[in-house]
Amino acid sequence: KGTQQLLNISVNSKINKLLLNIDRIKWLPRNVTERHIVVNIPEYMLHYYEYEKEKKKLRVIVGDTEHPTPVFSDTLSYITINPYWKLPSGIIRKEVIPAMVKDPNYIKDHGLEAHETWEENSSIVSLKGFNWSEYLHTDAKFPYILMQPPGPKNALGKIKFKFPNKFSVYLHDTPTKHLFKKKKRAFSHGCVRLSQPFSLLESLANNEPYINSSDVKSILKSKKKKEIDLTRDIPIHLVYLTAWVDANNQLIFGDDIYQYDRYQKRVIR
């Protein structure tokens, strides 16, 4: 069925898709930098370039249709080893609270802790006897900060690449490695999950005197959090191209995951 659908796509449709993507490319930054990272959302791939040559290509997981990965450019400035995951209020309200009403062991099973503040060393609060139903289907704000400390259950995995932005989106590891075997990989809440985060870190280390791969491996074996600043920020571009040319100069057409092609076509008309 899938093959038949692809064969039935007309030449005119492909030409229109190319025109839409050429228009998107026009809006991308034109300045050439020594190093930069490109994540093409519909391709489910990350590309790391040095002097316009691709040095690394990794499979990624992007946001699902309800939590699309935003399209924007920024600069990667630091890396966190053994990160804490601090749950956004939206996830607490939409997922954790309903789950706790159904299953009182949900927080314990997911290795979550309730803290008084956003500080990782702040006091941990006992939620025994906490009335979760009081916060279900209401606007009442959950009074604590939920965190997942470093460890095997951490949703961010063992490495996080930070480029502070208004979307709170970043690149990170993940414990759900089996999802990278799938061809279509739109499963996250908007962040970009990396199939081989340590491999990307090693590539960056070639130009970073303060990143020692052996030291990082040692830290990864522990649960100790460590942040490493980059000596020079690396431009990162999260783009949405449903047609592109690969390293072999082969024209590739991808899925319109978030239906942006349809929207852009409608606006242009």
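Helices (H or I, at least four residues) and strands (E, at least two) are DSSP runs, numbered from the N terminus. The model is predicted, so local features need pLDDT of at least 70 and side-chain atom pairs count only at pLDDT 80 or more, while totals for chains, interfaces and linings use all residues. Residues are numbered from 1 along each chain as its sequence is written, and side-chain values use heavy atoms, with hydrogens and water left out.

Ser-195 lies in the loop between strand 12 (192-194) and helix 5. Ser-195 has a relative accessible area of 17% and is therefore buried (under 20%; exposed is over 50%, partly exposed in between, with a 1.4 Å probe and protein chains only). Leaving aside residues up to four places away in sequence, Ser-195 touches Leu-58, Arg-59, Lys-177 and Phe-180, where contact means heavy atoms within 4.5 Å. The side chain of Ser-195 reaches the backbone oxygen of Arg-59 at 2.9 Å. Ile-41 is 154 residues from Ser-195 along the chain, and their C-alpha atoms are separated by 14 Å.

From helix 5, Phe-198, Leu-201, Glu-202 and Ala-205 meet Ser-213, Val-216, Lys-217 and Leu-220 of helix 6. The residues of this contact divide into 5 nonpolar, 1 polar and 2 charged.

Note on methods. Nonpolar A, V, L, I, M, F, W, Y, C, P; charged D, E, K, R; others polar. Polar contact = N/O pair within 3.5 Å; in protein donor to acceptor, adjacent residues only side chain to side chain.
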